[in-house]
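Please walk me through this structure, one region at a time.

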Amino acid sequence: MKQRSHFCSFSSNSPLKATTSMSSSSSCSSVHNRAAPPKALLCFCFALCYILLCLCSVSSVSGQSFACGESGNASSFPFCDKSLAADARVADLVQRLTLQEKITFLVNSAGSVSRLGIPKYEWWSEALHGVSYVGPGTRFSSVVPGATSFPQPILTAASFNNSLFEAIGRVVSTEARAMYNVGLAGLTYWAPNINIFRDPRWGRGQETPGEDPLLTSNYGAGYVRGLQQTDSQDKNRLKVAACCKHYTAYDLDHWKGYDRYTFNAVVTQQDMEDTFQPPLKSCVLEGNAASVMCSYQQVNGKPTCADPDLLSGVIRGEWNLNGYIVTDCDSIDVYYNYQHYTKTPEEAAAMGILAGVDLDCGPYFGMYTEGAVKGGLVTEAAIDKAITNNFGTLMRLGFFDGDPSKQPYGDLGPKDVCTPENQELARETARQGIVLLKNSAGSLPLSPTAIKSLAVIGPNGNATDTMIGDYFGIPCKYTSPLQGLTAVVPATFVAGCPDVACGTAQVDDATKLAAAADATVVIVGENQLIETESHDRTDLYLPGQQTLLISEVAKASKGPVILVIMSGGGYDITFAKNDDKITSILWVGYPGEAGGAAIADVIFGFYNPSGRLPMTWYPQAYVDKVPMNNMNMRPDPASGYPGRTYRFYTGDTVYEFGHGLSYSNFSHRLVQAPKQVSIPLEQDHVCHSSSCQSLDVVEERCQNLAFDIHVGVKNMGKMSGSHTVILYSSPPSVHNAPKKHLLGFEKVFLSSQKEALVKFNVDVCKHLSVVDELGNRKVALGDHVLHVGDLKQTLSVRI
């Protein structure tokens with residue numbers, strides 16, 4: 001979705017200093033300068049309103065209006081009666097509204113109905129990795145000047161820690177509720193982004209958990225549970241409402257003339273069911289997400305927000321969504337004005353509602369739905385259905401339960417935002433995600449007592465805003481890499497480039513500094529001007545002359561050289577991988593508000609690195625063979641197309657998915673794993689008399705068809721640390737199955753020389769199945785090879 005402009009920007013040293021300048025990289029600027037929906041007036045209004053809001057201070061909830069207050073006649077309506085069932089309350093509310101009033105509840109800036117005591121509500125708030133001010137539903141003030149800013153999801157996913165995903169969600173929802181209680185935030189948050197990071201050039205890959213469907217599914221479901229789950233016995237209640245986005249096969253923004261607003265993603269049914277849909281499905285079914293957001297582009301010739309098969313058929317039908325479907329912002333406008341999918345805006349509004357959209361992020365439903373009703377294009381009953389889903393979500397959130405201070409979580413307030421515990425979790429998340437890509441013997445960790453002088457070089461060496469990536473709010477505080485390192489040893493900083501684009505490397509000062517220092521840390525990578533929403537890359541090289549800067553500094557250095565890359569995507573850094581003078585390489589993603597402290601913790605050995613890459617790092621040759629607009633996951637030997645992601649890619653890599661080193665060595669031993677699994681079939685099944693490659697996954701056949709794998713893991717090193725045990729399977733070569741795919745992962749902490757037993761429960765139909773060419777899930781018969789590290793075990797699946 002489009003980010004709202006960052007209308008209030010803040011000093012990197014003090015989150016309390018507000019200015020009213022508009023960011024040059026803002027969404028509104030991109031609307032004006034690129035082929036995007038023309039929203040100049042809307043952007044101007046957002047800007048003006050937000051500037052005014054930034055100058056305001058809300059001191060308490062007393063000035064906040066809320067539905068079903070104790071005074072007046074509103075509280076006497078049945079929809080305010082908390083003793084009634086939620087669906088009965090919603091039905092009562094809907095039948096009291098006029099058509100014009102109903103339509104005001106179809107858009108994100110929902111209208112008020114004073115005669116019923118219903119205040120305005122803004123649906124659009126964001127919480128990708130902390131409460132964000134992207135979206136008009138949330139703002140900061142002197143009452144709550146900042147919120148905990150966690151690392152971008154791509155780095156959090158690198159932790160491979162399921163419990164961490166949920167823990168972050170709980171903190172974010174607590175801070176969101178606290179801000180809601182003082183009138184600074186909403187209750188509906190359009191996060192997480194769980195699109196597959198299919199192509200390393202995608203600017204929004206930083207927002208995702210990576211390229212693997214299972215890792216992404218686990219992240220999405222865990223984060224949603226953390227956001228939504230309450231302490232109430234009523235499991236239908238919501239702490240805040242999450243939204244899984246962007247549905248579906250969405251992973252191109254702006255690349256070589258292809259634009260997300262007009263792109264038609266041509267996707268095979270096999271890739272759809274095998275790669276793109278599983279995380280979204282898991283988010284709804286396992287996370288119980290309250291919302292799904294449809295995307296801008298077309299999939300196989302139909303706008304996703306106008307496709308009844310994808311929306312009503314799959315999300316509402318097959319997955320049984322308990323909540324609402326929302327458009328990405330201005331999607332209805334996009335498929336009318338830019339895709340020219342309908343002849344009139346009234347047809348566009350009707351098509352979205354009939355397809356299953358409940359809420360329009362944008363004004364289109366508000367402007368054209370009444371005309372669509374009068375023109376016979378859509379019925380009022382269809383509108384009732386949509387707003388019923390919207391009101392149902394608000395009921396679950398307690399929006400119609402009266403004074404928020406008298407509800408669950410009503411005691412939360414500013415004291416519960418940016419707590420020391422929350423900020424420590426942000427630092428711990430960054431530590432767990434940082435990936436050690438290379439480490440020559442004796443290089444890292446550096447000794448904090450032996451190092452008397454440290455050179456810090458590079459355009460991200462003193463980064464602040466860059467560390468938190470996009471869809472951000474105001475952090476509680478920043479610890480830049482330079483600040484984190486200087487807190488341990490004396491350090492001197494030279495940027496070496498005028499900015500991250502590094503049009504001209506300033507080598508002389510950098511090399512002099514490196515030649516005199518005991519050790520050198522070079523911190524390079526990207527920022528949000530190069531890699532973000534609406535900005536896809538065209539190559540896999542570090543920007544500008546960063547490579548020159550790194551190489552020259554390495555030549556001149558007296559001591560070890562640690563290369564630190566701050567980015568969302570991967571690079572072809574073969575030069576650094578093969579340079580003996582560059583002794584260590586760290587990838588730190590966009591590590592959040594405490595990123596600098598976490599980087600120092602790892603470099604100086606206060607923390608043993610345990611992160612693993614959640615995406616493949618490819619050589620530059622990859623982009624010459626793989627057009628970004630080609631959605632196919634599987635290789636095509638006839639054309640030389642090598643396929644995508646570790647599951648299918650057949651070419652060379654710089655670093656593989658799952659790669660990550662530690663300061664300790666960990667050994668694995670297989671304690672328990674079956675060598676054969678038999679699938680029971682009815683006596684007249686055709687596979688008893690004919691040879692079969694696979695069996696349909698059907699519920700009755702799959703019941704109780706699971707087994708355990710036990711892996712012993714031991715820390716052989718001198719340093720305590722965490723280790724991720726990753727279980728893969730290489731299925732039989734049927735139905736163009738993946739080369740290998742992830743079955744599960746567990747993170748364990750082990751002291752030196754200690755051993756633990758890690759247990760995996762493998763469901764045959766869920767974990768060992770593949771998707772056939774028609775999109776049907778099948779259990780592949782034959783030999784599956786299970787592997788953990790260097791261990792391999794052949795498992796024969798038979799009937």
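Helices (H or I, at least four residues) and strands (E, at least two) are DSSP runs, numbered from the N terminus. The model is predicted: local features need pLDDT of at least 70, side-chain atom pairs count only at pLDDT 80 or more, and totals for chains, interfaces and linings use all residues. Residues are numbered from 1 along each chain as its sequence is written, and side-chain values use heavy atoms, with hydrogens and water left out.

Start with the loop between helix 6 and helix 7, where Pro 192 is found. Ala 191 and Pro 192 are joined by a cis peptide bond, with omega about 10 degrees. Another cis bond links Lys 245 and His 246, with omega about 0 degrees. His 246 sits in strand 5 (residues 244-247).

Now look at helix 7 (residues 213-228) and helix 8 (residues 269-285). Their axes come within 8 Å and cross at roughly 20 degrees. Axes here are lines fitted to C-alpha atoms, for helices over the stretch in contact, and angles run from 0 to 180 degrees between N-to-C directions. Helix 7 is therefore roughly parallel to helix 8 (angles under 35 degrees count as roughly parallel). Contact means heavy atoms within 4.5 Å. Among the residues of helix 7 that meet helix 8 are Pro 213, Gly 220 and Val 224. The residues of this contact divide into six nonpolar, five polar and one charged. Here Ala, Val, Leu, Ile, Met, Phe, Trp, Tyr, Cys and Pro count as nonpolar, Asp, Glu, Lys and Arg as charged, and the others, Gly among them, as polar.

Next comes burial. Buried means under 20% relative accessible area, exposed over 50%, partly exposed in between (1.4 Å probe, protein chains only). A nonpolar core is a set of buried Ala, Val, Leu, Ile, Met, Phe, Trp, Tyr and Cys residues joined through side-chain atoms within 4.5 Å. The largest such core has 211 residues, and Trp 190, Phe 400, Ile 573, Trp 587 and Ile 603 touch the most other members. Helix 6 (residues 162-181) gives the most to this core, with 10 residues.

Loops can hold buried residues too. Tyr 607 lies between helix 19 (595-603) and helix 20 (621-625). Its relative accessible area is 12%, so Tyr 607 is buried. Asp 330 is in the loop between strand 12 (324-327) and helix 10 (331-337). Its phi is positive, about 75 degrees, although Asp 330 is not a glycine. Asp 330 counts as buried because its relative accessibility is 4%.

Technical notes
Angles under 35 degrees count as roughly parallel, over 145 as roughly antiparallel, 65 to 115 as roughly perpendicular and the rest as oblique.
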